[in-house]
Amino acid sequence: MIAANYTAHLYCDCEVCENSHRQEQAEFIGESWNQVATSARKQGWRISQDRTRCYAPGHKIKRTTKQ
Ligand SMILES: [Zn+2]
């Protein structure tokens with residue numbers, strides 16, 4: 001038996017979570033990044049294209065302001 005798991009821990013990057021001690025988080029397990037990302041998105045998480053940021057369901061996406 002081969003147990004090949006890919007585990008991703010998502011921590012919400014929205015401003016509210018960033019400033020609180022109770023950051024929204026979730027764990028997703030799959031066989032690949034794509035599978036993990038798909039199940040996360042199904043539950044309402046949003047993941048940035050470069051996989052560096054994610055936002056919990058219903059949380060506000062932070063806008064990066066260029067200065
Ligand atoms: Zn959040």
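A residue counts as buried here if 20 or more other C-beta atoms lie within 10 Å of its own, with C-beta atoms placed from the backbone. By that criterion, 13% of the 67 residues of the chain are buried. The model is a predicted one.

The chain contains two helices and four strands. Followed along the sequence, these elements come in the pattern β-α-β-α-β-β. The C-alpha trace spans about 50 × 25 × 20 Å along its principal axes. Among contacts in the chain with a separation of 6 or more, 43% come from residues 24 or more positions apart.

Tyr 11 belongs to strand β1, which covers residues 6-11. Tyr 11 has 13 C-beta neighbours inside 10 Å and therefore counts as partly exposed, since that class lies between the limit of 12 or fewer for exposed and the limit of 20 or more for buried. Leaving aside residues up to four places away in sequence, Tyr 11 touches Gln 23 and Gln 25.

Arg 63 sits in the segment after β4, the strand formed by residues 54-55. Arg 63 is exposed because 6 other C-beta atoms lie within 10 Å, and the exposed class takes in counts of 12 or fewer. Along the chain, Arg 63 and Glu 15 are 48 residues apart, while 9.7 Å separates their C-alpha atoms.

Technical notes
Residues numbered from 1 in each chain as written. Predicted model: local features only at pLDDT ≥ 70, side-chain atom pairs only at ≥ 80, totals over all residues. Contact = placed C-beta atoms within 7 Å.
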